[in-house]
Amino acid sequence: MRSIWNGAISFGLVSIPIKLVNATENRSISFRQIHTEDGGRIRYRKVCELEDREVTQAEIGKGYEDADGTIIPITDEDLSHLPLPTAKTIEIVAFVPADRIDPLQMDSAYYLAAGGAPAAKPYTLLREALKRSQKVAIAKYALRGRERLGMLRVVEDAIAMHGLLWPDEVRAPEGVAPDTHVTVNDKELDLADALMDTLGEIELDELHDAYREALEEVVAAKAAGEAPPETPEPAKAGKVLDLMAALENSVRAAKVSRGEEPAEPKAAAQVRRLPERKTSRAAPKQAAGKKSTATKKTAAKKTASAKKSTAKTAQGAKKTAAKSTAKKTTAKKTTAKKATPRKRTA
């Protein structure tokens with residue numbers, strides 16, 4: 001790691017040569033500005049207003065603009081002669097408990113590396129003293145043209161320094177909290193505590209930047225000439241009408257996600273009851289349909305029976321008529337037979 005500042009830690013009469021290095025790095029994906037018509041890069045050039053020409057970095061210095069617009073040049077040599085003991089020194093002014101530091105004051109983080117072999121002994125002494133006291137050191141130092149406030153603490157076997165904002169640089173939270181009077185009862189607090197206990201703790205090392213990973217996939221797909229991955233539809237959050245119900249559902253969902261409670265009862269309560277209601281409502285219609293079908297079948301049977309009885313009656317009538325006709329014919333024949341001998345006799 002490249003050092004960005006060289007100086008010393010002033011610990012009473014003890015001076016510890018150190019090098020300041022960045023403890024964090026920015027891994028976000030950066031973009032360049034381009035001309036949308038032809039893809040050309042858009043660049044910013046530093047131009048001198050008086051000469052109307054572009055200047056190099058070596059020609060650029062610092063200047064302070066006065067109230068009347070006059071520019072007062074300030075050189076690095078001028079800054080090196082500042083009447084401050086913290087110009088090249090991290091001056092420890094106090095040791096306080098860590099909980100005395102407001103997290104809102106936290107700024108950039110740095111590692112303090114020992115500056116050579118002579119600094120190893122006093123460096124280790126300060127580190128072990130911080131460990132045993134379980135306190136942090138408050139210090140002042142100058143960096144990038146201004147005096148700053150810092151907090152020194154132990155990280156593994158190294159000393160880290162967090163830049164702190166000055167107390168007057170932290171805004172008061174005025175107008176941020178709700179301006180309406182709200183009362184929270186004990187049962188709601190109990191459910192909130194249960195939700196916190198159910199969610200439990202997490203190892204911060206397991207967290208990752210999902211947005212950066214998705215952005216890398218989009219860039220890789222565009223570079224390969226492929227279509228970017230589709231964005232999944234976000235889950236629609238319902239309106240919170242009942243805070244207690246929302247808390248209870250949150251606790252239940254957290255337990256299900258941790259495998260402490262099966263998800264079947266909830267699914268049955270939401271999915272299976274509705275079809276049963278529809279079936280029970282549709283049952284009378286189906287019964288009526290069966291009755292009408294049975295009625296139709298009965299009517300058809302009665303009609304068929306009626307037709308059969310009519311046909312039988314007609315057939316019986318025909319047979320009776322045929323029989324009567326046959327009798328009449330037989331009678332005529334008999335009469336004829338009887339009449340014939342009489343004529344012969346005559």
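Charges and salt bridges in a predicted model

In this predicted model, a patch of negative charge on the surface is formed by D186, D190, D193 and D197.

User: Where does D193 lie, and why is D193 called partly exposed?

Analyst: D193 belongs to helix α3, residues 186–199. Its relative accessibility is 40%.

User: Why is R127 called buried?

Analyst: Buried means under 20% relative accessible area. R127 has 14% relative accessibility, so R127 counts as buried. This residue sits in helix α2, residues 120–133.

User: What makes the pair R127 and E128 a polar contact?

Analyst: The cut-off for the N or O atoms is 3.5 Å, and residues adjacent in sequence count only if both atoms are side-chain atoms. The contact between R127 and E128 joins their side chains at 3.2 Å.

User: How do you know that E128 and K131 form a salt bridge?

Analyst: The closest N and O atoms of E128 and K131 are 3.8 Å apart, and the limit is within 4 Å. Both residues lie in helix α2, three residues apart, which is about one turn of the helix. E128 is partly exposed because its relative accessibility is 37%. K131 is also partly exposed because its relative accessible area is 35%. Through salt bridges that share partners, R127, E128, K131 and D157 are joined into one network.

User: How many salt bridges does the structure hold?

Analyst: There are nine salt bridges in the structure. One of them pairs the side chains of E25 and R27, with N to O at 3.0 Å.

User: Why do E25 and R27 count as exposed?

Analyst: Exposed means over 50% relative accessible area. E25 counts as exposed because its relative accessibility is 58%. R27 counts as exposed because its relative accessibility is 55%.

User: What makes K62 and D76 a salt bridge, and which parts of the chain does the pair link?

Analyst: The closest N and O atoms of K62 and D76 are 3.2 Å apart, against a limit of within 4 Å. The pair links distant parts of the chain: K62 is in strand β5 (residues 62–65) and D76 is in helix α1 (residues 76–80), 14 residues apart. Both K62 and D76 are exposed.

Key: Residues are numbered from 1 along each chain as its sequence is written. This is a predicted model: local features need pLDDT of at least 70, side-chain atom pairs count only at pLDDT 80 or more; totals for chains, interfaces and linings use all residues. Side-chain values use heavy atoms; hydrogens and water are left out. Patches are made of residues with over 30% relative accessible area and no salt bridge: like charges are joined within 9 Å, nonpolar side chains (Val, Leu, Ile, Met, Phe, Trp, Tyr) within 5 Å. Accessible areas come from the Shrake-Rupley method with a 1.4 Å probe; for residues, only the protein chains shown count as cover. Lys and Arg count as positive and Asp and Glu as negative; His and the chain ends are not counted. The place of a charge is taken as NZ of Lys, CZ of Arg, CG of Asp or CD of Glu. Helices (H or I, at least four residues) and strands (E, at least two) are DSSP runs, numbered from the N terminus. Buried means under 20% relative accessible area, exposed over 50%, partly exposed in between (1.4 Å probe, protein chains only). A polar contact is a pair of N or O atoms within 3.5 Å; within protein, one must be able to donate a hydrogen and the other to accept it, and residues adjacent in sequence count only if both atoms are side-chain atoms.
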